[in-house]
Amino acid sequence: MNAQTESLDREQPTVQSVQICEVSPRDGLQNEDVLLSTADKVELVQRAIRAGAQRIEATSFVHPKRVPQMADAEDVMAAVPRGNGISYAGLVVNQRGLDRALAANVDEINIVVVATDTFCQRNQGMSMQQSVENAHTLAEGARGAGISSTITIGAAFGCPFEGEVPIERLREVITRVVDAGADELALADTIGVAVPREITERMALARRLAGPEARLRLHLHDTRHTGVANAVAAVAAGVAVLDASIGGAGGCPFAPNATGNVATEDLVYLFDRSGIETGLDLAQLTAAADWLEGRLGKILPGALLRAGDFPGVLSA
Ligand code: MG
């Protein structure tokens, strides 16, 4: 190794691992026409665990009239296997949701703030400013109850109603939530419009505003097939946690034309071959995606499900 390579190695420490938060039971199912049974949702969680998932966004505690697919949140939480080191998250948007999540014994909550007023109004019936105040209250409530919290800024890269979300707007929203005392800050590409340059730029902004010790997370959708590229940029930008969904299932009921999250197994293939640990098993994930396709009765967008692992063995 010559002196120049050594100095390059020092300047660019290699990322060893990234955590993938499995969001298929929540984001993956909430936009599907087929309503999965509680038993199927629990099986999805069990399959994720079998694949090595340590952190699972299991459900959301929102009004069942608004998201009927999540109406059995309490039943799901009561039935998933506990005491195995798995951290189960519930998405909450208000105090009622937090109360339900705590009663259902979640390990963490995911609090959503939407960067634009139009989408925020449609998603949770309040302005961005109100949702920021709400997030402070909810993060405090979680802390008081001894569970951890994430604040996710939805539509951080683009809005289905307002279009471009200027970085100044994102700066304003991050600035208002960083002192809420949440354990993690996530940016969400809710409608899958981001490209790697924006991931780099906006995660760097989040890092500057949240501080060097903050845990950063990114929620990706693969709507325009930039999800995997964005995941690479995210890891390089110091993102510790990526959201993904088995099979690439998902969407957002309040965002027209939103499609699935980036597929967990596509990220695991990418990271496995890049020498970055996820702790997840590709074969188990692909099997779970295959099972989920059957339950949903539709083709899921994940690429590994079609192409298989490499090197693989084709049956004659
Ligand atoms: Mg989403």
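What share of the contacts in the protein chain with a separation of 6 or more comes from residues 24 or more positions apart? Such residues account for 72% of these contacts. The legends below describe views of a predicted model.

**Figure 1. The protein chain as a whole.** The predicted chain is built from 13 helices and eight strands. Its radius of gyration is 19 Å, close to the 20 Å that the globule rule gives for 316 residues, so the chain is as compact as a globular protein of that length. Along the principal axes, the C-alpha atoms fill a box of roughly 55 × 50 × 40 Å. Of the 316 residues, 53% are buried.

**Figure 2. The surface and charges of the protein chain.** The accessible surface is about 13,600 Å², and carbon and sulfur atoms make up 50% of this area. The chain carries 27 positive and 40 negative charges, whose mean positions lie 4 Å apart.

**Figure 3. Ala-155, in the loop between β5 (148-154) and α8 (167-177).** Most residues other than glycine have a negative phi. Ala-155 has a positive phi, near 55°. Its relative accessibility is 0%, under the 20% cut-off, so Ala-155 counts as buried.

**Figure 4. His-225, in the loop between β7 (216-219) and α10 (227-236).** His-225 is not a glycine, yet its phi is positive, at about 60°. With 67% relative accessibility, over the 50% cut-off, His-225 counts as exposed.

**Figure 5. The cis peptide bond from Phe-310 to Pro-311.** Most peptide bonds are trans. The bond from Phe-310 to Pro-311 is cis, and its omega is near -10°. Pro-311 belongs to the segment after α13 (303-307).

Terms used. Residues are numbered from 1 along each chain as its sequence is written. This is a predicted model: local features need pLDDT of at least 70, side-chain atom pairs count only at pLDDT 80 or more; totals for chains, interfaces and linings use all residues. Side-chain values use heavy atoms; hydrogens and water are left out. Helices (H or I, at least four residues) and strands (E, at least two) are DSSP runs, numbered from the N terminus. The radius of gyration is taken over C-alpha atoms; the globule rule is 2.2 Å times the number of residues to the power 0.38. Buried means under 20% relative accessible area, exposed over 50%, partly exposed in between (1.4 Å probe, protein chains only). Contact means heavy atoms within 4.5 Å. Accessible areas come from the Shrake-Rupley method with a 1.4 Å probe; for residues, only the protein chains shown count as cover. Lys and Arg count as positive and Asp and Glu as negative; His and the chain ends are not counted. The place of a charge is taken as NZ of Lys, CZ of Arg, CG of Asp or CD of Glu.
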